[in-house]
Amino acid sequence: MRFTKDHEWIEVDGDVATVGITAYAADQLGDVVFVETPAVGKSVKKGDGLAVVESVKAASDVYAPVTGEVVDANAALSDTPETVNQSPEGDGWFAKVKLADPSEVDALMDRDAYEAFLATL
Amino acid sequence: MRYLPLTPDDRARMLGVIGAASVDALFADVPASARLAAPVDLPAHLGELEVERALSAMARKNRVAGEGPFFCGAGAYRHHVPASVDHIIQRSEFLTSYTPYQPEIAQGTLQYLYEFQTQVAALTGMEVANASMYDGSTAAAEAVMMAHRVTRRPRAVLSGGLHPHYAEAIATLAHVAGVTVVRQDAAVDAEADVVSAIDGETACVVVQTPNVFGTATDVTAIAEAAHAAGALLIVVTTEAVSLGLLKSPGEMGADIVAAEGASIGNGLNFGGPYVGLFATREKFIRQAPGRLTGETLDADGRRGFVLTLSTREQHIRREKATSNICTNSGLCALAFTIHLSLLGETGLRRLAALNHAKVRRLASALGEVRGVQVLTRRFFNEIAVRLPAPATEVVETLAARDIIAGVPFSRLAPAAGLDDVLLLAATETTADGDIEALTAALKGVLA
Amino acid sequence: MSMLNVGRPSRPEASGDAGFHSLTGGRGLLQDEALIFERDGWDKTGVDLPEAELGAEDLGELVRTAPIGLPGLSEPEALRHYVRLSQKNHAIDLAIYPLGSCTMKHNPRLNEKMARLPGFADIHPLQPQSTVQGALELMDTLAHWLKTLTGMPAVALSPKAGAHGELCGLLAIRAAHEARGDARKRVLVPTSAHGTNPATAAFVGYAVEEIAQTADGRVDVADLAAKLGPDVAAIMVTNPNTCGLFERDIVEIARLAHAAGAYFYCDGANFNAIVGKVRPADLGVDAMHINLHKTFSTPHGGGGPGAGPVVLSAELARFAPTPWVLHGPQGLSLAEHATGEAGASFGRLCAFHGQMGMYVRALSYMMSHGADGLRQVAEDAVLNANYVKARLGGVMSAPFDGPCMHEALFDDEWLDGTGVTTLDFAKAMIDEGFHPMTMYFPLVVHGAMLIEPTETEPKAELDRFCDALLALAAAAKAGEVDRFKAAPHLAPLRRLDETLAARKPRLRWRPQEAPALAAAE
């Protein structure tokens, strides 16, 4: 699993990456009440808005950590947004992106680096 | 001064606590060049009696609608409002409270807004409604912006029966949002013409029923055509009472209803404040503008209400908000909801039937005036007639005889080439004698 | 001794039982009140109307046949329903309502009486103009007062609220740039701005860029200068700002904006602090909205209606929205169309002429105070805020030193280590009988508490308020966390579950919900 400074995580399986937000981010947001996931087929560039996650008093953009095409979105979140709080780095994933350039993943932080980054916040 | 409780002694003691030499010391951050040394050049303070005298003198220069024959409509309709409505909205707890940001001590406001939302949804036949907009015209403009967000398409088609002020309010916002507005030519009975203008780029069509000429239209086929092309149907209604008699926009397939609610609970007020009704389908609610009240539970499990889905709004989403609206029409919405609770379904249907009966009487009386042609065939409480002379001149002449004969269409759209068209409304407040006075005077003027 | 009366206790016998519950769920005189939809007798009506012969054959299929779904109430039931609801609201007429940035001041009832004169309330916006000369005179007089108080040459009256005024101002600015063929892309907004500012700028099609704030709570002029450029259409600056501070460099800020070809839009939400003391024109303002429901005392009404007239510079005036009042040989009239002399107007913001009912109330208030009284309004508003700041400042931490304007800003640093948050503290204020201050705004201050007492609070009420806050502060510091975490204890309802409301939105009553609701109660 790799991480961004914007608190997205990404896990690569073959040429498809699953994207979500980290446990830290989910905790900071508070109770998640709504997730707007991207349409399947959408092309995203690294850094583009990929999804929106909302708590009662905050709305945050989730950025695409990599460039590619959205091949799946977590439809279950529309009925059970609380999954993002319960399992942020598991069932609370947002979207799956087919990688355009697998080397982009290498530039992201590993868990140790992310933990170290969190310690600076 | 009667509104200022501090005494000179209070002020001196407070400055002592603050540790400031003078009040002016508290204004030290204001650049010296911008500080006014003396009051501006306006009159000094007045007592209640003097203010009342001055403002009453202005009020007396206006011809009050209720003081004689009166037939103006065109988006603002004169109805009788029960005395209890105005009494309740002047209760301190409603009049002098703010937007219900602290739900534990604002359940009064939140519950009536929830009731309001439910009433508006029922009346319009839609799934959900918001807690009000400024007025019908701004609701319509916001509806077009919302259709643009939902469909991501850049074009809006407005019918020729849409109130010209509404069309202009839409055009103002559309211009800066990059939405192209296609306005059809003014037409008494041609709402369905919008269908021919729908294309693959069309975000929405906007039709009005009853339209500005009073024509009521079944928009079902328009809805089907719009949906087939992936566009939304926005239905505008400027006379909320009509919904007591006519099929609701929701029944006919509307995606968004933008209506003026002032007819229920609110006075003419020279055009404002009014109350915009905004209703839509549940699936679009996160794209809707304005405040929403929702049901929930408190810490003890008791039912209560809160403002909800606030992440759409400016105070959270800032530049990504669905609208910049903040303050809306709370107290006018309260007046609406009280009046509608008093009417109930029974009263509203009777009221609507009375309005319709009254304008039928007006239409048939005008039909007998030589040279006057009634243009509107299916109406609720308003009709358009063609006069054998410019409508503005006729209206001015009749006004000099203390008859307010209606609104010349050219007042709304001078360039439409309909200078001889006059819009007249009749409501439960119109006396039969008023209609007789109008037709008699009209016969004289047109003879 | 004759016993004419049966003796009964005339003083409480026992102290209150904290665990006491009524048998029916009632709370003394505070009634639980069902929704109007949850009553029997839906076919009632509280309005006596004759049955009209329908004769709607002309309408054919257009006639509604299905039930609408609207319950009716007799008049006594309606009165009771709404009066019971009203008792669950806080109001200015009950106690201080210290919402920063909202200016919850006393609403004079003379204003209400004047707005209800039939000559203002019962006239139609499209009556012949010859029959509404008094209404046009009122609009013209209000315009004169607003122009004189701000020093600006023009005013657009029609915006229906502050945010609508911002929209009006930015539309005029955009129109002015477009008229010059100078399409600009950006609007600069300080980080402390009201959310409406960036929302409005984006709505009008501009990219929004934030201007940094200095350590003393003002616009960072160097940052502004660095971000200004030939593509900046406007800056939007609130002054006094949302930290309750006057922007000391405001004249320089305006100069820099103008030098870059940008306009200075001033958010006038806080005009109450300087009315009669400072004219925005003298600060270099090009456009500014005035919330009549703040500075000029028209009632907030639970969230409107408001009114947001916008004063404009001579350069922007010709782009103002229609209508406006004209003086002519026949008397007063309205320019209602963007043609002829009004050809540069950006068009219409709304139907008709704006919030007449609010104009009457605001003018009634202005005439009552006069030029002298309005100046006193600003002085007393600033004095009251500084008094609150001085009384609380020893205990609650203020992020910025020096005098404030009309509102006192505190942060939550002083709560560090107590386990009590700004929200908890605010909710505990409710138990003491006070409406909380504005919380968590402005965003630039951590755990912000923004207190705006307004000039209509007497010293005794300020003292009562400050005493309560100091007592609460002492309780927080003494570790009484439960008092705060579970607050409010004594309000009509306890803390509400906003997460539940947002996750499963129920935005209207539905018939099938009736059993579930009964169970929830």
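Predicted model: local features only at pLDDT ≥ 70, side-chain atom pairs only at ≥ 80, totals over all residues.
**Conventions.** I number residues from 1 along each chain as its sequence is written, and letter chains from A and number ligands from 1 in the order in which they are written.

**Confidence.** I noted ipTM 0.97 and pTM 0.95 for the model.

**Chain B overall.** I found 14 helices and 13 strands in chain B; these are DSSP runs, helices being H or I of at least four residues and strands E of at least two, numbered from the N terminus. The C-alpha trace spans about 80 × 55 × 50 Å along its principal axes. I recorded 67% of the 447 residues of chain B as buried (under 20% relative accessible area; exposed is over 50%, partly exposed in between; 1.4 Å probe, protein chains only).

**Helix 12 of chain B.** In this helix, residues 391-400, I listed Ala391(B), Val394(B), Val395(B), Leu398(B) and Ala399(B) as buried. Viewed down the helix axis they fall within an arc of 135°, so they line one face; the arc is that of the directions from the axis to the C-beta atoms. The face turned away from the buried side carries the exposed Glu393(B) and Ala400(B). Among the elements covering the buried residues I noted strand 13 (421-425) and helix 14 (432-446) of chain B. Just after helix 12, Asp402(B) adopts a positive phi of about 65°.

Key
Heavy atoms only, no water. Contact = heavy atoms within 4.5 Å.
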